[in-house]
Amino acid sequence: MLTISPLIAGPTPKLVITGIECRVLKLVPLDAFRYGYRLWVDPRSGLLLKVQVLADDDAVIEQIAFSDVRIGEPINPSQLKPSWSTNGWDVVRRESHAIEFSQHGWSVTAPDGFRRLTEVERNLEGDSARAALQAVYSDGLATVSVFIEPGAPAAVPEPVQRRGPLSAFTRQVGDARVTVVGEVPPTTAMSIAESVRFVAVH
């Protein structure tokens, strides 16, 4: 049952994926702020075997599917090891800590159905003296990140960028560069970016 995202679900005829008869669900958006989805689900295990992301004309934007799957069979632990050596690799973790955008004077308005999951401040790669603020929103299916970089070089005006279901848009707000990235239509990324305001530091 979908309670956060304004989508509706309905069954379509069963289809076979990797030899498994699946139930197919189509999620239809009730607004223009999100994509539709078509899901192939194994009714016995509940495993999602195939996903299609759909444009408003039902064109497939992205598709992910298993080519071979065996459910319930034992797994040899050796099959889970990487096929290449990781000796000498370094693990780099960027420090971050939870914040509230409002405490830094920022306001973001996301479309109905999207709720805020987290707000953090993190150091930027290669620039420990400069930090970026990040907020993550989700409607239960898609996620959107809002990055605010105070003191960053001014954003060069350019149209929204899109690759598959991923959209990105950057604009300048005062001395801060605002970037919105997420698995949403381009108009949604632009709408969220245009909603970002610097109000006042509380």
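## The pair Glu194 and Arg171

In this predicted model, Glu194 forms a salt bridge with Arg171, and the closest N and O atoms of the two are 3.5 Å apart.

Asp139 forms a salt bridge with Arg34, with 3.2 Å between the closest N and O atoms. Because Asp139 lies in the loop between strand 9 (127-138) and strand 10 (143-150), and Arg34 in the loop between strand 2 (20-29) and strand 3 (36-41), the pair ties together parts that are 105 residues apart in sequence. Asp139 counts as buried at 3% relative accessibility, and Arg34 counts as buried at 5%.

Arg177 forms a salt bridge with Glu149, their closest N and O atoms being 3.0 Å apart. This pair links distant parts of the chain, with Arg177 in strand 13 (residues 176-182) and Glu149 in strand 10, 28 residues apart. Arg177 is partly exposed, with a relative accessible area of 21%, while Glu149 is buried, with a relative accessible area of 11%.

## A nonpolar surface patch

Leu47, Phe66 and Ile71 make a nonpolar surface patch of about 230 Å². Phe66 lies in the loop between strand 5 (60-65) and strand 6 (96-98), and is partly exposed, with a relative accessible area of 37%.

Conventions
Residues numbered from 1 in each chain as written. Predicted model: local features only at pLDDT ≥ 70, side-chain atom pairs only at ≥ 80, totals over all residues. Heavy atoms only, no water. Patch = residues over 30% accessible without salt bridge, like charges linked within 9 Å, V, L, I, M, F, W, Y side chains within 5 Å. Areas by Shrake-Rupley, 256 points an atom, 1.4 Å probe, with all protein chains shown as cover. Salt bridge = Lys/Arg side-chain N within 4 Å of Asp/Glu carboxyl O. Helix = DSSP H or I, 4+ residues; strand = E, 2+ residues; numbered from the N terminus. Buried < 20%, exposed > 50% of the residue type's maximum accessible area, 1.4 Å probe, protein only.
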